Amino acid sequence: MLRTEELSYEISGRRLVDAVTLRAAEGETVGLVGPNGSGKTTLLRCVYGTLTPASGRVLLDGDDLGELSVKDRARRIATVPQDGHAGFDLTVAEVVAMGRSPHKRFWEADTAADERLVQEALDRLGAGDLTRRPFPRLSGGERQRVLMARALVQQPRLLVLDEPTNHLDIRYQLEILGLIRTLGTTNLLALHDLNLAAYYCDRLYVLDEGRVVAFGTPDEVLTPELLASVYGVSAEVSVHPGTGAPTVTYLPAAPLSV
């Protein structure tokens, strides 16, 4: 179980995340939604440890992640950033194999079992034919699938994803979000697409200016009133007859005056 307690982060006197408390139960998929600049990415970085909170703490299965070593934290948490760069001229297989490093000593070479995990993860993401390709030469969508494969071979308890569908065609958006729900991990992800969030997330936290302004199941959270307040848009919310999930239909705005 993941829990943040009064988590805050600030820079140059500006508070980007403001006393955020959230939880994600074991095996649950929890979404962070909100407009650009609302603090989603900053909050995720505090959770997986690339940013140090100004106050508050992050707990995973009762352990304070701030007290763990980098390697211990990496054994428990895998991340898929919004725009990942692996650096250097590594092949796809080498990038994915990096996900095994938290489980190895510094000098240990990859084993046949590691190589099998790498290929299985790539195959699962529809990227099995990319194994020998240089990672920097991939398209944005291909990179995203490779970084997702790297997270899978890390075998984490918590998966943290920042816009995991970024750059992906619709088919892969649906397949990857569907895959995430089958992994058995606890999942915390930021999403812009509210309809995808409504269908694939068990619960949502809505951020605005670094604060949680609403949380609950998608049908509890996604209301016309909240969308008008947080996003400044008019919208209708209905229940999709096929999925049973709330579906947001945006209404045209008045033209901007010039």
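Is the crossing of helix 4 and helix 5 left-handed or right-handed?

Analyst: The crossing of helix 4 and helix 5 is right-handed. Bear in mind that this is a predicted model. Helix 4 covers residues 112-124, and helix 5 covers residues 140-153. Their axes lie 9 Å apart, at an angle of about 135 degrees.

Now the residues that make the contact. Helix 4 supplies Leu 117, Val 118, Ala 121, Leu 122 and Arg 124. Helix 5 brings Val 146, Ala 149, Leu 152 and Val 153. By class, that is 8 nonpolar residues, no polar ones and 1 charged. The charged residue is Arg 124, on the helix 4 side.

For context, here are two other parts of the model. Thr 165 sits in the loop between strand 7 (158-162) and helix 6 (170-182). Thr 165 counts as buried because its relative accessible area is 9%, and the cut-off is under 20%. Beyond its neighbours within four places in sequence, Thr 165 touches Gln 173, Leu 177, Leu 191 and Leu 196.

The other part is made of strands. Strand 1 (residues 2-11) pairs with strand 4 (residues 55-60) in the antiparallel sense, over 5 bridges. There, Leu 2 stands opposite Leu 60. Strand 4 also pairs with strand 5 (residues 63-64), again antiparallel, over 2 bridges. Leu 59 has Asp 64 as its bridge partner. Strands 4 and 5 form a hairpin with 2 residues between them. In that turn, Asp 61 has a positive phi of about 55 degrees.

Methods:
Residues are numbered from 1 along each chain as its sequence is written. This is a predicted model: local features need pLDDT of at least 70, side-chain atom pairs count only at pLDDT 80 or more; totals for chains, interfaces and linings use all residues. Side-chain values use heavy atoms; hydrogens and water are left out. Two strands pair if DSSP finds at least two bridges between them. Helices (H or I, at least four residues) and strands (E, at least two) are DSSP runs, numbered from the N terminus. Buried means under 20% relative accessible area, exposed over 50%, partly exposed in between (1.4 Å probe, protein chains only). Contact means heavy atoms within 4.5 Å. Axes are lines fitted to C-alpha atoms, for helices over the stretch in contact, and angles run from 0 to 180 degrees between N-to-C directions. A crossing is left-handed if the near helix is turned anticlockwise from the far one by less than a right angle, and right-handed if clockwise.
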